[in-house]
Amino acid sequence: MSKPLKFRLLFALFMSFSMALIMTFIIVGLNTGFDGGFVGRWLTSFMTAFPIAFLTVLVLGPQVQKLVTRLV
């Protein structure tokens, strides 16, 4: 595996993991409360959101980088 491909995959993995983790925590907590069942609801939401976020970063990442390059 080439170094640029490895970098792109790891970046997408870490970025999508952290974004999905934080966003699902906040959104589930605000919408349903931080009660006894929160952790289960949060983990279920995270497990749904993480693969979607990962694919989104992989697919849209290069286009977003090009747009930012043009704007800067």
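The side chain of S16 reaches the backbone oxygen of L13 at 3.2 Å. It also reaches the backbone oxygen of A12, at 2.6 Å. Both are polar contacts, meaning a pair of N or O atoms within 3.5 Å; within protein, one must be able to donate a hydrogen and the other to accept it, and residues adjacent in sequence count only if both atoms are side-chain atoms. The model is predicted: local features need pLDDT of at least 70, side-chain atom pairs count only at pLDDT 80 or more, and totals for chains, interfaces and linings use all residues. Residues are numbered from 1 along each chain as its sequence is written, and side-chain values use heavy atoms, with hydrogens and water left out.

S16 sits in helix 1. Helices are DSSP runs (H or I, at least four residues), numbered from the N terminus. S16 has a relative accessible area of 1%, so S16 counts as buried. Buried means under 20% relative accessible area, exposed over 50%, and partly exposed in between, with a 1.4 Å probe and protein chains only. Neighbours within four places in sequence aside, S16 is in contact with F50, A53, F54 and V57. Contact here means heavy atoms within 4.5 Å.

Next come the rings. Rings of Phe, Tyr and Trp (its six-membered ring) pair if their centres lie within 6.5 Å; planes under 30 degrees apart count as stacked, over 60 as edge-to-face and the rest as tilted. The count comes to ten aromatic pairs. One of them joins F17 and F46 edge-to-face, with 5.3 Å centre to centre and 85° between the planes. This pair links distant parts of the chain: F17 is in helix 1, F46 in helix 2, and they are 29 residues apart. F46 is buried because its relative accessibility is 7%. F17, at 38%, counts as partly exposed. F17 also pairs edge-to-face with F50, at 5.7 Å centre to centre and 85° between the planes. F50 lies in helix 2 and F17 in helix 1, so this pair ties together parts that are 33 residues apart in sequence. F17, F46, F50 and F54 form one aromatic cluster.

Which residues of helix 2 are buried? They are F38, W42, F46, F50, A53 and L58. Helix 1 is included in what covers them. An α-helix has 3.6 residues a turn, so residues three or four places apart point the same way.

A kink of about 45° lies at L60, shortly before the proline P62. The bend at a residue is the angle between axes fitted to the seven residues ending there and the seven starting there. The end C-alpha atoms of helix 2 span only 41 Å, while a straight helix of 34 residues would span 50 Å at 1.5 Å a residue. That expected span is 1.5 Å times one less than the number of residues.

Now the loop between helix 1 (3-32) and helix 2 (38-71), where F34 has its place. F34 counts as exposed because its relative accessibility is 52%. Not counting residues up to four places away in sequence, F34 touches F25 and G29.

Last, the charged groups. The count comes to one salt bridge, defined as a side-chain nitrogen of Lys or Arg within 4 Å of a carboxyl oxygen of Asp or Glu. R41 forms it with D35, the closest N and O atoms being 2.8 Å apart. R41 is partly exposed at 27% relative accessibility, and D35 is partly exposed at 44%.

How values were computed:
Helix = DSSP H or I, 4+ residues; strand = E, 2+ residues; numbered from the N terminus.
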